[in-house]
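My notebook is open and the viewer is loaded. I'll jot down what I look up as I go.

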Amino acid sequence: MREPLIFDQGRPGRRAPSQAPGIAGPTDDLPAGLLRRAPPPLPEVSELQVVRHFTRLSQLNFSIDTHFYPLGSCTMKYNPRASNKLAMLPGFLDRHPLEPEGHAQGYLECLFDLQEMLKAVTGMSGVSLTPMAGAQGEFAGVAMIRAYHVARGDAGRTQIIVPDAAHGTNPATATMCGCDVVEIPTGPDGDVDVDALRKVVGPQTAGIMLTNPSTLGAFERRIAEIADVVHGAGGLLYYDGANLNAILGRALPAAMGFDVVHINLHKTFSTPHGGGGPGAGIVAVTERLEPFLPIPIVGRRDGQYRWLAESDRPQSIGRLSGFMGNAGILLRAYVYMRLLGAEGMRRVSGFATLNANYLMKRLAAAGFTPAFPQRRASHEFIITLKDIARDTGVTAMDFAKALLDKGFHAPTTYFPLLVPECLLIEPTESEARQDLDAFAQALIDIRDLALRDAAEVKRAPLTTPVRRLDDVRAAKQLDLTWQSRASDRPNPTASPN
Amino acid sequence: MPFIPHTPDETSAMLGAIGVRSIEDLFDEIPAKLRVDGLPGVPAGLSEAAITRLMRERAARNMPSLCFLGAGAYEHHIPAAVWEIATRGEFYSAYTPYQAEASQGTLQLIYEYQSMLAGLTGLDVSNASLYDGATAFAEACLMAVRSARGARSRRVLVPRYVNPVWRKVARALLAGQNVELVELAASAGRTELAALAALEGQDFAALAIPYPNFLGGFEPVDELTDWAHARGMLVIAACNPTALALLKPPGEWGAKGADIACGEGQPLGIPLGSGGPYFGFLACRQALVRQMPGRIVGGTVDVEGRPGFTLTLQAREQHIRRSKATSNICTNQGLMVTAATIYLSLLGSEGLRRVAAQCHANTRALVAALTGLGGISAPVTPYFHEAVLTLPRPVAPVLDQLAAAGILGGFDLSADFPELGHGLLVCATEVRTAEDIDTYRRVLAGVLGVAVAA
Amino acid sequence: MSDVPQQLQYTKDHEWIRREDDGTVVVGITDHAQHQLGELVYVELPEAGRPLKPGDAMAVVESTKAASDVYAPLAGTVAGVNPALTSQPELVNTDPYGAGWLVRLKPADAGPAVALLDASAYAALLDAAH
């Protein structure tokens, strides 16, 4: 199952000649001191070798298209092929980003319509599509909150409150925006401890960052009260849209009292995860934050679509990308949203929640321990394996690896940090009942094996292209490039220029 | 129901297993006054056939043009195999390779990418990519401020001819952390070494050097690098990756080489795509690797001693370090890196060098053709694949008339760089032909009212 | 059960402190702390001569799954660091109170310090957490 590095498949002088000019143009006018002395160490391979190598590499991956992928908080639902095909129509794909607006009305109309639909699903009044990932959406949101306070002459508000269950990006974002982080605890029922919140708010509070439903897989029932506490202290509320799939078309962040929201289009609106990106983390805001939205934004006047930029939005927090965010991802989300329509969006949250609650019930009935058994699951839920880990030594990580052998991608492990030995399981709406049943049975089989023969579970995975990897070695004996290994072997691509 | 496989029987059986009557009941923890029962403002769903028709119509309304515009995004030939393979479901629909055993394809590919970028930049290590060139530039500045141990400064010296949008993005991203970008004076399209004298005694964490600069020209990279290093500053190279096939890599600048290189990866197999998604690259010397933001893949062995790949140095990242992370970034631009790695493999060093050299030759031919019309000069030489033309009259109306004739004539420099007069930045990559260039020449002659031989 | 040597002093952040005859103070992390972190892969140490206030982050200990700041227990300057940790960070795991020491401080003449615990108080703190 091993595939050699592409560098090791080359031979000096081998090329894919149809992909580059037959002869290179003259460079005699460039200063000799600026020219490269030795060619960069790139592979010297044929087109077929390239196609075969990367096709083989693809086959070493688990993916949604090949495996059930219940990775909690990541919403690994089916990515419709239509989104990809239509976003890659030449009329969109071959456009230079600085082409005049008059040449781009079809493209701008898609983005404008997308902005309008995103206002509808959040209840907000303004949208900017530019943030290129959830983390950049968070940055935009907190930067807008800061800009809002500063514009009001209230610059001392530099504290951002986050629950202890929050995703790590929340505190990291607050730091990037020059804010201090204050953590508040979660109560035993999974809701934020509102009394603790009351104690930390004050004239230094810039805002609070919340995910709702929370990372614990439950709806924050006291959200209205939380909003009153934070607003009462002069702070604003930031909605981390990581879990919007759970409430799509059923509750609006604006109505909950949030002032700004980011949405991960690669989660709720099914744009590809692409092996780790590109995503899109659009932001939506209430009226008072609109002047601060990042630019550019698509506007419409007299039926013509146009960019709104610095001169239209002088108070904007600025530009967050070289051109227009991850434009092609925005188009993919647009196609998906039009395919679903309003009714389809409500069905998404309905069936995502149905699948999660069904799977939680099934696992609970089989003896697994939900972290919050008294709560309704949102679109995801947590089970804790701490009793099994204590009794057998088989940990959440061991379960994750054993699932790979059974043909399932593992759920999220060890997040949120405050539930010990946890699996965060998110089946999504696009999985059928038979797949949920098979997944539940796999967990049951692993548990039963753990009780009989813990050592056998700890050997997993056995069927993957590699078995468990030595992370300590990876971090101590850094091997980050092929060149760093080159001293170990002959260099097949070294060739005279 | 789009993308939902449940039959009515299955739905009722599942509801029964949960112990509720309807899907609505599953939302009983949401306070009633917060619940909505529809989404006015979202139209009804469409079939795939209907949305296909709609998107084709809209794509057709985007007028195709003959492109002589660069300014940060460049039209290059993209081999058909690049996106055929990059959009295979196993790449397209996988996520971050946290489960390394189930993600060796993505991990090995990133390792190969890191190797290629380290080779192109002449530096030791590369990360797995950032969002785009502008944000990579901002992250490089931040990284330099964190790394510049000797200097306590939070100021980065940035020459005037760094991409103006990158400077705007960096300002937006760095404002909260009190990192200041200080402009370094320039004239005639490049940084003035004489201006450095005025900076003696001031404290900077780093100097950023564009390569080539936004005007397509070359900074005195060796002198600037040595000057900065002699004063305890780090050197950041902001480079075009195509140019690096031809030009001395940043790792070889001056006596010691640049410390960090960053740039826009779009030229490496990523379509213009209306502005994104692209990817940013970031490479550095080994000693700085723990200050690098973003994902990094490393080689290791499994329990049987077989080689494999895994995410490494994760203690830098937000999911572990939280508020003390090097950045809040979690994703890279994985799919774009997949495409770029396939692109670089197909081109190889000789192919990429030919692309770079042909871009340069075509731009020279374009400059010769257009300055030959008379009244137009090219004040910045030498240049790589973009050049400044000074027109005899304001640029914007000229560009409008060219656009009406189906030509993207270039980037109007007059707002960002008024010192250049009626400055127009033009670009001719390897995909432009002699006929294309002649078309531009004839149409521009018409716009300017100059008589030309047919 | 974690090893808590009697002769050392401790902080609630799981650091140990040993006062030397030459007036310097040696700081490391406790057996409990190294166990929580797992095998260390990297230790970031301060430059000699760096002035510190009590509570300043002066070093970082890093495993593959966690990273933790180590704080200055008192005011002073960095008199030296453990050079062996550059190539063998795992010494902190194998010998946290000996070869795995982190930083040697020269205390300021008079300055504040963080609250220090004796061995029994620290052991009680560990018990309470379980």
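Predicted model: local features only at pLDDT ≥ 70, side-chain atom pairs only at ≥ 80, totals over all residues.

**Entry 1: one glutamate**

Is Glu317(B) buried or exposed? I looked it up: Glu317(B) counts as buried because its relative accessibility is 4%. My cut-offs are under 20% relative accessible area for buried, over 50% for exposed and partly exposed in between, using a 1.4 Å probe and protein chains only.

Residues are numbered from 1 along each chain as its sequence is written, chains are lettered from A and ligands numbered from 1 in the order in which they are written, and side-chain values use heavy atoms, with hydrogens and water left out.

Back to Glu317(B), which sits in the loop between strand 12 (307-311) and helix 9 (318-321) of chain B. Helices (H or I, at least four residues) and strands (E, at least two) are DSSP runs, numbered from the N terminus. Not counting residues up to four places away in sequence, Glu317(B) touches Gly294(B), Arg295(B), Arg322(B) and Ala325(B). Contact here means heavy atoms within 4.5 Å.

**Entry 2: chain B as a whole**

I zoomed out to chain B and found twelve helices and 16 strands. Its C-alpha trace spans about 80 × 60 × 50 Å along the principal axes. Of its 454 residues, 68% count as buried. I also checked the contacts in chain B between residues at least 6 apart in sequence: 71% of them join residues at least 24 apart. The accessible surface of chain B is about 13,700 Å², and carbon and sulfur atoms own 53% of that. Such areas come from the Shrake-Rupley method with a 1.4 Å probe; for residues, only the protein chains shown count as cover.

**Entry 3: helix 7 of chain B**

Next I clicked on helix 7 (residues 164-174) of chain B. This helix is largely enclosed by the rest of the structure, because eight of its eleven residues are buried. Among the buried ones I noted Trp166(B), Arg167(B), Leu173(B) and Leu174(B). At the start of the helix, Asn163(B) brings a side-chain oxygen to within 2.9 Å of the backbone nitrogen of Val165(B).

**Entry 4: an alanine that meets both chains**

Ala118(B) belongs to helix 5 (residues 104-121) of chain B. Ala118(B) counts as buried because its relative accessibility is 2%. I left aside neighbours within four places in sequence and found contacts with Thr481(A) and Gln483(A), plus Leu123(B), Asp124(B), Val125(B) and Ser126(B). Arg285(B) is 167 residues away along the chain, yet its C-alpha atom is 9.3 Å from that of Ala118(B).

**Entry 5: where A meets B**

How many residues does each chain put into the contact? I got 198 from chain A and 182 from chain B. The size of an interface is often given as the accessible area lost when the parts come together. For chain A and chain B the buried area (accessible area, 1.4 Å probe, that two parts lose on being put together, summed over both) is about 16,300 Å², with 63% from carbon and sulfur atoms.

I then counted 13 salt bridges across this interface. A salt bridge is a side-chain nitrogen of Lys or Arg within 4 Å of a carboxyl oxygen of Asp or Glu. One of them joins Glu109(A) and Arg58(B), at 3.2 Å from N to O.

On chain A's side, helix 11 (residues 327-365) supplies the largest share, 26 residues. That side divides into 103 nonpolar, 55 polar and 40 charged residues. Ala, Val, Leu, Ile, Met, Phe, Trp, Tyr, Cys and Pro count as nonpolar, Asp, Glu, Lys and Arg as charged, and the others, Gly among them, as polar.

**Entry 6: where B meets C**

Here the contact takes seven residues from chain B and 15 from chain C. The buried area is about 870 Å², and carbon and sulfur atoms give 40% of it. I found one salt bridge across this interface. Glu62(C) pairs with Arg290(B) in a salt bridge, with the closest N and O atoms 2.7 Å apart. Chain B's side here has two nonpolar, no polar and five charged residues.

How values were computed
Polar contact = N/O pair within 3.5 Å; in protein donor to acceptor, adjacent residues only side chain to side chain.
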